[in-house]
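Thank you for making time for this today.

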Amino acid sequence: MMESAGGPYLNTAAVTSPVGIVRLLQMTFGCTTFSLVAHQGGFSAAYGTFCMFVWTFCFAVTVFIITCEFTHLHSCLSISWGNFTAAFAMLATLMSVTAAVIYPLYFVQLGCYPITCEVRDFRIAASVFAGLVFLVYGAEVFLTRAKPGQVTSYMATVSGLLKIVQAFVACIIFGALVNDSQYSKYVATQWCVAVYSFCFMVTVVVVAFSVTGKTAQLCFPFERSVVVYTFVAVLLYVSAAVIWPVFCFDSKYGSPQRPSACSKGKCPWDSQLVVAIFTYVNLLLYIVDLAYSQRIRFVSHI
């Protein structure tokens with residue numbers, strides 16, 4: 001007769017706790033969304049492909065997380081599970097809200113021409129469920145975020161969550177840069193690109209070390225290094241926030257107003273404006289990150 005010395009094999013709290021219920025809703029809404037689009041709603045071009053990737057990717061990872069927690073398999077993985085789930089929830093929130101905006105913007109219309117009314121209805125339904133996907137991922141971030149005085153994973157803290165947002169905003173900047181932004185025109189704007197690239201790479205490294213749980217194995221104090229890096233990132237972004245607008249929108253180097261000859265979707269001025277806006281967004285995020293990083297203590301083994 002066999003006896004279990006390690007408790008039950010299945011973790012029912014993985015699907016009955018508030019976080020577990022939210023994850024089941026994520027899986028349900030995500031599957032419904034891409035099924036509606038694939039069945040009749042339809043998608044095309046890079047925008048539609050991105051939306052489908054977001055919904056299928058988030059669905060697959062959510063199923064993986066639920067399975068691992070329900071069967072206790074996550075204990076066999078050589079990663080920091082708390083950091084991994086917190087980082088994914090924040091990333092999924094950002095990706096799903098982007099898809100929830102893009103899909104109806106490019107594919108939903110009130111009339112039935114040139115598509116049929118049935119296709120229109122499917123697209124509207126998919127847009128509604130896309131919004132629900134965003135809400136349930138946001139709910140997980142809210143439920144699992146670090147509370148004051150609570151010992152939790154670094155990625156669940158404000159500073160950790162901001163790292164994901166900073167990297168996501170940097171990806172938006174890179175997308176605008178490659179869309180004919182003419183950043184190679186001046187050395188000064190090339191410096192800005194170097195700033196965006198450096199900060200993005202270091203931020204990804206910080207997230208990677210946290211998720212893999214390898215911070216305790218480093219030969220230098222990880223927490224102090226992160227704070228120092230955040231301070232350096234603030235200084236670098238300040239320089240980019242000053243340089244980029246001057247060399248893109250000053251009449252001596254660029255154009256203060258959008259050129260009338262610019263076509264929609266293929267205008268360097270538009271890309272430059274997007275880069276400028278999100279440069280200030282990321283600068284603000286790094287400043288807030290620096291402020292919050294003074295109030296937390298790193299725990300590498302969670």
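Before I come to that residue, a word on how the elements are named: helices and strands are DSSP runs, a helix having at least four residues, and they are numbered from the N terminus. Please also keep in mind throughout that what you see is a predicted model.

With that in hand, let me begin with Ser-181, which is located in the loop between α6 and α7. Is Ser-181 buried or exposed? Its relative accessibility comes out at 1%, and because buried means under 20%, Ser-181 counts as buried. If we set aside the neighbours within four places in sequence, the contacts of Ser-181 are Ala-176, Pro-268, Ser-271 and Gln-272.

Gln-182 has a relative accessibility of 41% and so counts as partly exposed, whereas Ser-181 is buried.

There is another backbone of this kind at His-72, where phi is positive, at about 65°, although His-72 is not a glycine. His-72 sits in the loop between α3 and α4, and with a relative accessible area of 30% it is partly exposed. While we are on the backbone, I would also point you to the peptide bond between Tyr-113 and Pro-114, which is cis, with omega at about 5°; Pro-114 is found in the loop between α4 and α5, the latter helix covering residues 117-144.

Let me now step back to the chain as a whole. The protein has nine helices and zero strands, and its 302 residues include 40% that are buried. The C-alpha trace spans about 85 × 60 × 25 Å along its principal axes. Of the contacts with a separation of 6 or more, 77% come from residues 24 or more positions apart.

Now to the aromatic residues. How many aromatic pairs does a search of the whole structure find? The search finds 19 aromatic pairs. One of them is formed by Trp-55 and Tyr-103, an edge-to-face pair at 5.6 Å centre to centre, with 70° between the planes. This pair links distant parts of the chain, given that Trp-55 is in helix α3 (residues 45-71) and Tyr-103 is in helix α4 (residues 81-107), 48 residues apart. Both Trp-55 and Tyr-103 are buried.

Tyr-186 lies in the loop between α6 (158-178) and α7 (187-212), and Tyr-253 lies in the loop between α8 (222-249) and α9 (268-293), so the pair ties together parts that are 67 residues apart in sequence. As for accessibility, Tyr-186 is partly exposed, having a relative accessible area of 22%, and Tyr-253 counts as partly exposed at 26%.

Elsewhere, ring pairs join Phe-53, Phe-57, Phe-88 and Tyr-137 into a cluster. There is also a charged side chain to mention next to a ring: Arg-145 lies over the face of Phe-142, at 4.1 Å from the ring centre.

Finally, the domains. The protein is divided into domain 1, residues 10-149, and domain 2, which is made up of residues 157-256 together with 263-301. The C-alpha centres of these two domains lie 26 Å apart. What do the two sides share? In domain 1, 14 residues are in contact with nine residues of domain 2, and the area buried between the domains is about 1,000 Å², with carbon and sulfur atoms giving 78% of it. On the domain 1 side, Asn-83, Met-90 and Leu-94 lose the most area to domain 2, and together they account for 36% of what that side buries. How many salt bridges does the rule find across the interface of domain 1 and domain 2? The rule finds zero there.

Key:
Residues are numbered from 1 along each chain as its sequence is written. This is a predicted model: local features need pLDDT of at least 70, side-chain atom pairs count only at pLDDT 80 or more; totals for chains, interfaces and linings use all residues. Side-chain values use heavy atoms; hydrogens and water are left out. Rings of Phe, Tyr and Trp (its six-membered ring) pair if their centres lie within 6.5 Å; planes under 30 degrees apart count as stacked, over 60 as edge-to-face and the rest as tilted. Helices (H or I, at least four residues) and strands (E, at least two) are DSSP runs, numbered from the N terminus. Buried means under 20% relative accessible area, exposed over 50%, partly exposed in between (1.4 Å probe, protein chains only). A charge sits over a ring if NZ of Lys or CZ of Arg is within 6 Å of the ring centre and within 35 degrees of the ring normal. Domain bounds come from an automatic or database domain assignment. Contact means heavy atoms within 4.5 Å. Buried area is the accessible area (1.4 Å probe) that two parts lose on being put together, summed over both. A salt bridge is a side-chain nitrogen of Lys or Arg within 4 Å of a carboxyl oxygen of Asp or Glu.
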